[in-house]
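This briefing is for a reader new to the structure. Look over the sequence and the model first, then read the points by topic.

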Amino acid sequence: MIDMLRNPLAIRASVKARTRWEKFFIFLGLFSIAIALLTLVLLVGDLLLRGAPILNWKFFTSPPSGDPAEAGILTAWVGSLLVILVTIVVAVPLGVAAGIYLEEYAPKNWLLDFIEINITNLAGVPSIIYGLLALGFFVYILKWGESILTAGCTLALLILPVIIVATREAIRAIPQGIREGAYAVGATRWQTIADHILPYSMGGILTGVIVGVSRALGETAPLVTIGALTFITFLPDAPLKGEFPYVSFKWLWSPFTVLPIQMFNWVSRPQEEFQVNAAAAGIVLLVLTLGVNAMAIYLRYRFRKSIKW
Amino acid sequence: MADQPLAPRIELPIPAKARQKRIWVERIIGSLLFVAAFSSVAITTVIIYILFSETAVFFEKVIEIHHESLVAALAEFLTTTEWSPLIEPVTIGVWALLSATITTCVIASLVAIPFGTIGAIYLSEFAPAKVREILKPILELLAAVPTVVYGYFALLFVTPLLQKIILAVQKWYEPGKEPWEYYELPGFNMLGAGIVVGLMVIPYVMSMAEDALQAIPSHLREGSYAMGATRLQTALRVLLPAATSGLIAAYILGLARAVGETMIVAVAAGLQPKFTFNPLEGAATTTAFIVSASLGDLPHGSLEYQSIFAAGIMLFFVTFLMNVAGYFISRRYREVY
């Protein structure tokens, strides 16, 4: 080693060799990332090549059918919309409230640790387990049946950890001085939260909600388990009515299908014609989930830039 | 004049009654928020309760059918390799499902761990800040692709591609045979499904591994550079060992996702329970079995109905142990520095 250090030529050779390895590694690193990106490109490309030709107005406005040329995704996207609506109504208040408690109220003790480990664990529970939970609990113990309400609540439980974690991170980013300022003028803890903490952390919370919604939109397994895979050619009862009392909640109890399940149904059919339909449904699904996700990424980027405490 | 107080009495801004009300409102809101936070614990409890109670009924019924003890039924469950709770004669060897789960998982980790680690090192140590800013959101997008779309990709893109590659390799080694003499990869196989599960897991592993590398304090890097090491030497000999526990946590959590992955394997690996570790065959994983059984519109209370909970409880405990291990390992590496 010492000998080598005395010899400038040897050092130069060593540097050269090591630089070559480094270049090789940079190539490997770019290659690994390229694999991931190539997957996305191939995936989107394959779907577009196969499915784009049949993506027209009729595809969106026809119910599924035994004839692949007639089949559309009307019931699927309406179902997805209604299920997501229930998911948001259930998951957002619950998740945000839990996040607020854990950041602003919870005393640092074993209970907080326990809840924290629980949430981390729930985030890692496979989605199909939520399906089993829903089947055993919502469908048979609460007797909600295989309805939109069951599906919405199942997905709400699934995305709850995402919203809780996002809320906590958004709240944690608010400097302590804001809270102290509010307390100093006599605000209670809840007043501080409602008037300052929540409005300021809205950006982060919104990002989390959007990410959660995009996940719920694409989720299939738990809904298969609760029995959503039905050939549905009718729409649920309309939530808005022409006559008094104008709103109706009968749709909550309606059977349903959603986009990912419609796609799964088509993929698993042996006839090749249905695979074209699957590709077209896949495009719609990708546009929805990736679009919603891109929105979240943009929002996070903007909020990070605009807020200077 | 003299007995007048020096200053006028200060009126509290809020009358006592209103203050009392405020205190009560605070308490109620506080407890509502606590209930919301505690709901996560309630969810876990309900999951465990449902899984356990239905599995208990499952074993009761199996004991009734086979006229054997609980120990014998559990032994059959955990040590035999035939799984057909849906057709007579009823057999409940869970290894038929676990073998496929393990096989797809191993293939997935062979894809996700090398690419994920190398990509993470590149992003953390080599990539210019601008490149990283662009690449990270794109990787996040990759993690957002619905798994049923990945399933489609595995069945209709990756498997046909693999079929062509395998055929070409055989023709290269043994040219001149009749077309039907060459081996053909079946349409449902664990290789294609496993590869796509691996591709799906890459972004998770990459981002967690990158976090682990970023958590290493920079004086370790600076020390290494000061000794004349290149970035690559620093990464491989200083940062990787320092981040070992974080990387292991990333791998475990990534693998837990592969174990729990459902739609890719249900679409592309087949739905037939079969004891095999051969990736060129099709077989049902634990998750795929649950999906295929659910597709048949399970009558409540039947043995079929309970069998998916018995399969589910295995899955829950395997992923639970992995998640807890990952959580504690990653927690430890954060405390080291």
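Buried means under 20% relative accessible area, exposed means over 50%, and partly exposed lies in between. B:Lys274, at 34% relative accessibility, therefore counts as partly exposed. The model is predicted.

**Chain A against chain B**

- Chain A and chain B bury about 7300 Å² between them. Of that area, 77% is on carbon and sulfur atoms.
- Chain A brings 84 residues to the contact, and chain B brings 78 residues.
- The count of polar contacts between chain A and chain B is 12 residue pairs, both residues at pLDDT 80 or more.
- Helix H2 of chain A, residues 8-51, gives the most to the side of chain A that touches chain B. Its share is 21 residues.
- By class, that side of chain A has 57 nonpolar, 19 polar and eight charged residues.
- The count of salt bridges between chain A and chain B is one. B:Arg231 forms a salt bridge with A:Glu22. Their closest N and O atoms are 3.0 Å apart.

**The two domains of chain B**

- The domain assignment of chain B gives domain 1 at 18-72 and domain 2 at 95-333.
- Taken over C-alpha atoms, the centres of domain 1 and domain 2 of chain B are separated by 31 Å.
- In chain B, 12 residues of domain 1 are in contact with 12 residues of domain 2.
- Domain 1 and domain 2 of chain B bury about 1000 Å² between them. Carbon and sulfur atoms carry 80% of it.
- Which residues of domain 1 of chain B lose the most area to domain 2 of chain B? They are B:Leu51, B:Glu54 and B:Phe58, which together make up 48% of what that side buries.
- Across the interface of domain 1 and domain 2 of chain B there are zero salt bridges. Three residue pairs are in polar contact there, both residues at pLDDT 80 or more.
- By class, the side of domain 1 of chain B that touches domain 2 of chain B has nine nonpolar, one polar and two charged residues.

**Salt bridges**

- Side chains of opposite charge can pair when their charged atoms come close.
- The count comes to 10 salt bridges over all chains.
- A:Arg168 forms a salt bridge with A:Glu116, with the closest N and O atoms 2.7 Å apart. This pair links distant parts of the chain, 52 residues apart. A:Arg168 is in helix H7 of chain A, and A:Glu116 is in helix H5 of chain A, residues 110-124.
- A:Arg168 and A:Glu116 are both buried.
- A network of salt bridges links A:Glu103, A:Glu116, A:Arg168 and A:Arg172.
- B:Arg221 forms a salt bridge with B:Glu125, with the closest N and O atoms 2.9 Å apart. Here too the pair links distant parts of the chain, 96 residues apart. B:Arg221 is in helix H7 of chain B, residues 218-226, while B:Glu125 is in helix H3 of chain B, residues 95-126.
- B:Arg221 and B:Glu125 are buried.
- B:Glu281 forms a salt bridge with B:Lys274, and their closest N and O atoms are 2.7 Å apart. B:Glu281 has a relative accessible area of 23%, so B:Glu281 is partly exposed.

- Is A:Thr192 buried or exposed? A:Thr192 is buried, because its relative accessible area is 1%, under the 20% cut-off.
- A:Thr192 lies in helix H9 of chain A, residues 189-218.
- Neighbours within four places in sequence are left aside here. A:Thr192 is then in contact with A:Arg179, A:Ala182, A:Tyr183, A:Ala187 and A:Ile197.
- Where is A:Lys143 placed? A:Lys143 is in the loop between helix H6 (127-141) and helix H7 (148-172) of chain A.
- A:Lys143 is exposed, because its relative accessible area is 65%, over the 50% cut-off.
- A:Lys143 is not a glycine, yet A:Lys143 has a positive phi of about 60°.

Methods
Residues are numbered from 1 along each chain as its sequence is written. Chains are lettered from A and ligands numbered from 1 in the order in which they are written. This is a predicted model: local features need pLDDT of at least 70, side-chain atom pairs count only at pLDDT 80 or more; totals for chains, interfaces and linings use all residues. Side-chain values use heavy atoms; hydrogens and water are left out. Helices (H or I, at least four residues) and strands (E, at least two) are DSSP runs, numbered from the N terminus. Buried means under 20% relative accessible area, exposed over 50%, partly exposed in between (1.4 Å probe, protein chains only). Contact means heavy atoms within 4.5 Å. Domain bounds come from an automatic or database domain assignment. Buried area is the accessible area (1.4 Å probe) that two parts lose on being put together, summed over both. A salt bridge is a side-chain nitrogen of Lys or Arg within 4 Å of a carboxyl oxygen of Asp or Glu. A polar contact is a pair of N or O atoms within 3.5 Å; within protein, one must be able to donate a hydrogen and the other to accept it, and residues adjacent in sequence count only if both atoms are side-chain atoms. Ala, Val, Leu, Ile, Met, Phe, Trp, Tyr, Cys and Pro count as nonpolar, Asp, Glu, Lys and Arg as charged, and the others, Gly among them, as polar.
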